[in-house]
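Please look through the sequence and the model shown below before reading on.

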Amino acid sequence: MQARKKYVLLGLCACCWLLLFYWGGGVQVRLLRLLTRQRGEVVRPWPNWTDRAFLPRYAHLDELQTDPGTSESPRQRRQAWSGIYKDSRCRMETCFDFSRCRRRGREGFRVYVYPSEKNDRVSESYRKILTSIGESRYYTSDPREACLFLSGQFVPNVDERIRGYPLWNDGRNHLIFNLYSGTWPNYTEDLGFNIGQAILAKASLNTEHFRPGFDVSIPLFSKEHPQKGGERGWLVRNTVPPRRKYLLMFKGKRYLTGIGSDTRNALHHIHNGKDIVSLTTCRHGKDWEKHKDARCDHDNLEYERFDYQELLHNSTFCLVPRGRRLGSFRFLESLQAACIPVLLSNGWELPFSDVIQWNQAVIEGDERLLLQVPSTVRAVGNERVLALRQRTQMLWEAYFSSVDKIVLTTLEIIKDRVFSHISRNKYMWNSLPGGLLVLPEYSTHLAHFPFYYLGLGVSPGQEFTAVIHAVSPLVSQSQPIMKLLQVVSKSKYCSQIIILWNSEKPPPNRSKWPPMPVPLTVTDGRRKTSSRFLPHVAIETEAVLSLDEDTVLLTSEVNFAFLVWRSFPERIVGYPPRSHFWDPLKHAWGYTSKWTNDYSIVLTGAAFYHRYYHYLFSHYLPPSLRALVDRTSNCEDILMNFLVSSVTHLPPIKVAQRKQYKELPNPQELLSTSLHFSLTFQGTKSAPWANPEHFNQRQECINTFASWFGYMPLVHSQFRLDPVLFKDQVSVLRKKYKDLERA
């Protein structure tokens, strides 16, 4: 009896083992794979949900959405990717020739564009990219000077053509821009040729293919995206309350067949028609009616109830789900509208991710956790909402509002990699005014830039350097420049005086100049008007007092203006104001010098500013604008105001001054002569502002400058700073700046 039980038990065990082997072979295979895991493969733990506002991306591409109809295995997809990206391990140290760029220091960073052939068709978006490079300060027409090389256009036989380039060298030191490639679900990123060791600047770039520190992820932008300037962001400063009418919105297509995203098909689950508006439509494409499902008619009716622009203007958060590609046009639209992007695109390498701290501007969600998005955004506090919205505006205006900024940001990122010892840090990239306006060649120390003083708690220096622009020969000790030297040198804040000699005659000997309590240096201006803003090595102070040789000031006026500048070191602070206006009849900008309460320009004939703007003027602005200034001997002061206002987005500051001289009548321009008074030089030429052509040139300059910037950066103001008790009916003994009130 016991033997029978024994045999029955053995039989049952054998049957169970056979069943497990037959039906549960997958368990054994997975167990075997676990035991034989390669050493280089990282085991990913379950995510740690430490921040409710930011949903981390932790999925491998194999685990993301897959098309039920595809029979392609993960191994086959990896093999396909490896065939396209044969140099997937490229880094700057292994696939880039630094010697081509370092021949002339950072000045050696030049970009050469291969010329297009006669019958090549260039798309509008790519044409804008080429235009941006061609007009940049990095462009060169000589391939021997180039550090980077760029192909003119993608053509059907691009693989054959690029290999015919004599400098291709398997793509080394080549840059490839690409906006459209790769489709759902695999995103194989097939460009139609092997990129080799070329740097890829690509939109909708997948993290699986992104080569950190080598490739550059760029945003997807439409062909209508502006070439220059671009529109300002929609957020009004210090908007309160920070939340808008709608908490969360999306309005866009969903795909019924073929290429599409299951995420968009699920968006209707979070729509409540109140504070969350999530609308999709299947009415797109030629054959949509053939494939429409039971939800199409209802979705289309609901879709028409809301206006997309109205939703953008009145929503706090904007969903940015993946569509046909990982990137979406809605990403840039949301940034501009200050609608905080909520990303649902697993595996997307965000634009310029090497330098931009996106967790300060967007919320990264997970496509698999769509239903958690409403509760996640509701948990974000008002202070955080306002901070996120403000950061969207900073990033939009600094890097994304135009094609020029997108292309230049790409080049600057690569340049920082090439010259890593002289490069911007993350703070510079992620704070105003943005990395494009911070030139590390000037300094890599934050405290050397005027726009960081407030954030760092740093005060500017307590001395200034006076730079006097001299154009007339010195023939008499009674000339205005001699009195000006005495007035400025008496200021207790004056460190030194530099005379920029731009006269046709050689400068006089030192004995001809009056004795002064501060050092005096005479330097050759090479008879170029723009030389007054060269970054002269002799300027050692942070503050620069720019003066024309005929400026009439009192020492007390100089002292007061300098103290005002120390409170606003990032701006131009001075005396003679001017203004601009839009002429609707001529459809052009106008320039006026009439005395009004409104101004947008402070002339640099008597003004304080930070010395960094000398460097920015000489190295950031294109040579064409400086050549215009030198050719006309005019407009350099307007150009400096354009530059500073483009950095600060703020107007200059006018300070109180004596109105000692009356304006002289001029048929085209009435000039304030308290600082710029008409006089006859001791030579053969009269003052340039007495010439009517001088005013016409300034009208043309202001439109030329606005065209290059792509917008009008000048800002109007009615703000003027006066000393305490200025013009008050009190005893003069109580006033610090008594001389300012003398008639």
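This is a predicted model: local features need pLDDT of at least 70, side-chain atom pairs count only at pLDDT 80 or more; totals for chains, interfaces and linings use all residues.

Glu441 forms a salt bridge with Lys415, and the closest N and O atoms of the two are 2.8 Å apart. The pair links distant parts of the chain, since Glu441 belongs to the loop between helix 15 and helix 16 (453–456), whereas Lys415 belongs to helix 14, 26 residues apart.

How many salt bridges does the count come to? The count comes to 21 salt bridges, and in general side chains of opposite charge can pair when their charged atoms come close. One of these pairs joins Glu135 and Lys228, with the closest N and O atoms 3.2 Å apart. Here too the pair links distant parts of the chain, with Glu135 in the loop between helix 5 and strand 3 and Lys228 in the loop between strand 6 (216–218) and strand 7 (246–253), 93 residues apart. Glu135 is partly exposed because its relative accessible area is 43%, whereas Lys228, at 18% relative accessibility, counts as buried.

Another salt bridge is formed by Asp299 with Arg254, where the closest N and O atoms are 3.4 Å apart. This pair links distant parts of the chain, Asp299 being in helix 9 (residues 296–303) and Arg254 in the loop between strand 7 and helix 7 (262–265), 45 residues apart. Both Asp299 and Arg254 are buried. Beyond such pairs, Arg137, Glu412, Asp416 and Arg424 are linked in a network of salt bridges. A charge can also be found over a ring: Lys251 lies over the face of Tyr303, at 4.5 Å from the ring centre.

Tyr493 is in the loop between helix 17 (480–489) and strand 13 (494–501), and Phe562 is in helix 18 (residues 555–567), so that the pair links distant parts of the chain, 69 residues apart. Tyr493 and Phe562 are both buried. For Phe642 and Phe705 the ring centres are 5.6 Å apart and the planes stand at 75°, so the pair is edge-to-face. Because Phe642 lies in helix 21 (residues 636–648) and Phe705 in helix 22 (residues 692–709), the pair ties together parts that are 63 residues apart in sequence. Phe642 and Phe705 are likewise both buried.

An aromatic cluster is formed by Tyr427, Tyr442, Phe449, Phe451, Tyr452, Tyr612, Tyr613 and Tyr615. Tyr427, which lies in helix 15 (residues 426–429), also takes part in a nonpolar patch on the surface with Leu456 and Val458, and together the three have about 220 Å² of accessible area. At 36% relative accessibility, Tyr427 counts as partly exposed.

Two further sites show how buried residues are placed. In helix 5 (residues 124–134), the buried residues are Ser125, Tyr126, Lys128, Ile129, Leu130, Ser132 and Ile133, and they pack against strand 2 (111–113), strand 3 (148–150), strand 4 (174–178) and helix 14 (403–418). Gly327, in the loop between strand 9 (315–321) and helix 11 (329–336), counts as buried at 8% relative accessibility. Leaving aside residues up to four places away in sequence, Gly327 touches Ser204, Leu220 and Trp348. Gly327 and Asn206 are 121 residues apart in sequence, yet their C-alpha atoms are 9.5 Å apart in space.

The totals for the protein complete the picture. There are 22 helices and 22 strands, and 54% of the 743 residues count as buried. Among contacts with a separation of 6 or more, 74% are accounted for by residues 24 or more positions apart. The accessible surface of the protein comes to about 35700 Å², and 53% of this belongs to carbon and sulfur atoms.

Definitions and conventions:
Residues are numbered from 1 along each chain as its sequence is written. Side-chain values use heavy atoms; hydrogens and water are left out. Patches are made of residues with over 30% relative accessible area and no salt bridge: like charges are joined within 9 Å, nonpolar side chains (Val, Leu, Ile, Met, Phe, Trp, Tyr) within 5 Å. Accessible areas come from the Shrake-Rupley method with a 1.4 Å probe; for residues, only the protein chains shown count as cover. A salt bridge is a side-chain nitrogen of Lys or Arg within 4 Å of a carboxyl oxygen of Asp or Glu. Helices (H or I, at least four residues) and strands (E, at least two) are DSSP runs, numbered from the N terminus. Buried means under 20% relative accessible area, exposed over 50%, partly exposed in between (1.4 Å probe, protein chains only). Contact means heavy atoms within 4.5 Å. Rings of Phe, Tyr and Trp (its six-membered ring) pair if their centres lie within 6.5 Å; planes under 30 degrees apart count as stacked, over 60 as edge-to-face and the rest as tilted. A charge sits over a ring if NZ of Lys or CZ of Arg is within 6 Å of the ring centre and within 35 degrees of the ring normal.
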